[in-house]
Amino acid sequence: MNALKLIRLVVWASIAVLTAALGFLLLAPPKDTGTGVAAVGGPFRLAAADGSVVDSGMLMGKPFALFFGFTHCPDVCPTSMLEITNDLVALGDKARDFRVYFVTVDPARDDAKLLKDYTGSFDPRIIGLIPKDEAELAAIAKSYRAIYRKVETPSGYTMDHTASIYLMDAKGAFFGTLDSKETPAIRQSKLRRLIDKR
Amino acid sequence: MTKTSLLRALAAASLLALAAPAAAHDFKVGDLKIDHPWARATPGGAKVGGGFMKITNTGTQPDRLIGGSAEISAIFEVHEMKMEGNVMKMRALEKGLEIKPGQIVELKPGGYHVMFIDLRNPLKEGDTVKGHLVFEKAGKVDVEYKIESRASTGGTGHDAHSGHGTKAP
Ligand SMILES: [Cu+2]
């Protein structure tokens, strides 16, 4: 092997290593927050169905729950909202200032009046949030790693969507999720720990 | 048997015949038995609702639920809902819902349902909603849906909600 060939080989090998490293950096999942929990959630600023604006920056010190749904939902959304309503009622005074944000994945149909009627028929602590466009919806869904997809039906469309209830702590960090399959006792103990966490 | 007692017996029998279907809340068409159609009360503003029931095929031929209507909605579709991981997915069953011979197919929350789309009024607990179902072979049958609480899981017609400490306000 002559010197030129050796140099060529070294250069190509370096390029391969660099390409692999770059690929890893680009494709690797987002870094952990240091608590061992992958980052879920992030800053948002969205119009609420009651006419106010909810800015996650203003929620520091206030743990909250967040759910993606839509009012044309068969039974997952009403069931989840009914369950968390029951949980909040069961927690009594402890949950007095707790908020549940219902982010509509169907802002085309869920206007402020409809969404306010809907969440209001469960509990006044459930607040509808309405992304003003596809970009706002995509951004908050991405930060919560939630999925939503419009699917055609014979008469119109429906929305596939992530149906977990996200729990966010007083520092705005992801705390866990609530699941319909869990017993009320388990969900309520999670909520109690979330509200007590400082 | 005297004439009077015969009349009395006939009257009693016809009363029973009238009372029985209402009490059991089931409906029949051909070889199909439709047990306890029901729906949940809808939240404020909701434009859709799901209808549930149990369908038993006592015959020897498969049949399909392919459509129907309900007096409270403009549109009626046969749907399937399922969870894939944490993602809720709902699809219209374009070929209808098959009920094989000897099979009992249950339409229930979280699974198969008929969907009332563009509700004219909210579904209110305690109400009864008239409608009909259309099967590919057995044809058309009138049914009535009992509207139960938002927490109901159906079953007996009673409010069978499980484990919820408190009702929604
Ligand atoms: Cu449906």
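Predicted model: local features only at pLDDT ≥ 70, side-chain atom pairs only at ≥ 80, totals over all residues.
Residues are numbered from 1 along each chain as its sequence is written, and chains are lettered from A and ligands numbered from 1 in the order in which they are written. Local features need pLDDT of at least 70 and side-chain atom pairs count only at pLDDT 80 or more, while totals for chains, interfaces and linings use all residues; side-chain values use heavy atoms, with hydrogens and water left out.

**Figure 1. The elements of chains A and B.** Chain A has 5 helices and 9 strands, and chain B has 1 helix and 11 strands. Helices (H or I, at least four residues) and strands (E, at least two) are DSSP runs, numbered from the N terminus. From the N terminus on, the order in chain A is α-β-β-β-α-β-α-β-α-β-β-β-β-α. Along its sequence, chain B reads α-β-β-β-β-β-β-β-β-β-β-β. Of the 198 residues in chain A, 45% are buried; of the 169 residues in chain B, 41% are buried. Buried means under 20% relative accessible area, exposed over 50%, and partly exposed in between (1.4 Å probe, protein chains only).

**Figure 2. The copper ion and its protein donors in chain B.** The donors are His79(B) through ND1, Met90(B) through SD, His113(B) through NE2 and Met115(B) through SD, at 2.1 to 2.3 Å from the copper ion. Donors are N, O and S atoms within 2.8 Å of the metal (3.2 Å for Na, K and Ca); water is not among the atoms, so sites may look incomplete. The 4 donor atoms make angles of 104 to 118°, and the site is tetrahedral. Four donors count as tetrahedral if all angles lie between 85 and 135 degrees; four count as square planar and six as octahedral if opposite donors are over 155 degrees apart and all others between 65 and 115; anything else is irregular. Along the chain, the donors of the copper ion have the spacing H-x10-M-x22-H-x1-M. His79(B) lies in strand S5 (residues 73-84) and Met90(B) in strand S6 (residues 87-92) of chain B, 11 residues apart. His79(B) and Met90(B) are both buried.

**Figure 3. The largest pocket.** This pocket holds about 700 Å³ of space. Its lining has 33 residues, and the closest to its centre are Thr79(A), Glu83(A), Asp179(A), Ser180(A) and Lys181(A). Two or more lining residues come from each of helix H2 (76-91) and helix H5 (184-196) of chain A and S5 of chain B. H2(A) gives the most, with 7 residues. The lining has 11 nonpolar, 12 polar and 10 charged residues. Ala, Val, Leu, Ile, Met, Phe, Trp, Tyr, Cys and Pro count as nonpolar, Asp, Glu, Lys and Arg as charged, and the others, Gly among them, as polar. On a 1 Å grid over the protein atoms alone, a pocket is an open set of points with protein on both sides within 12 Å along at least five of seven lines, whereas a cavity is a set where a 1.4 Å probe fits but cannot get out; lining residues have an atom within 4 Å of a point. Grid points are joined across faces, edges and corners, and a volume is the space filled by probe spheres set on the points.

**Figure 4. The largest cavity.** The structure has 1 cavity of 30 Å³ or more, and the largest cavity has a volume of about 160 Å³. Among its 16 lining residues, the closest to its centre are Pro74(A), Pro78(A), Arg40(B), Ala41(B) and Pro43(B). H2 of chain A and strand S3 (48-57) of chain B each give two or more residues to the lining. S3(B) gives the most, with 4 residues. By class, the lining has 8 nonpolar, 5 polar and 3 charged residues.

**Figure 5. Asp169(A) and its contact with Lys197(A).** Asp169(A) sits in the loop between strand S8 (165-168) and strand S9 (174-178) of chain A. Asp169(A) counts as buried because its relative accessibility is 5%. The side chains of Asp169(A) and Lys197(A) are joined by a polar contact of 2.8 Å. A polar contact is a pair of N or O atoms within 3.5 Å; within protein, one must be able to donate a hydrogen and the other to accept it, and residues adjacent in sequence count only if both atoms are side-chain atoms.

**Figure 6. Two residues with positive phi.** Most residues other than glycine have a negative phi. Arg145(A) has a positive phi, near 55°, and lies in the loop between helix H4 (134-143) and strand S6 (148-153) of chain A. His36(B) has a positive phi, near 45°, and is placed in strand S2 (residues 32-40) of chain B. With a relative accessible area of 7%, His36(B) is buried.
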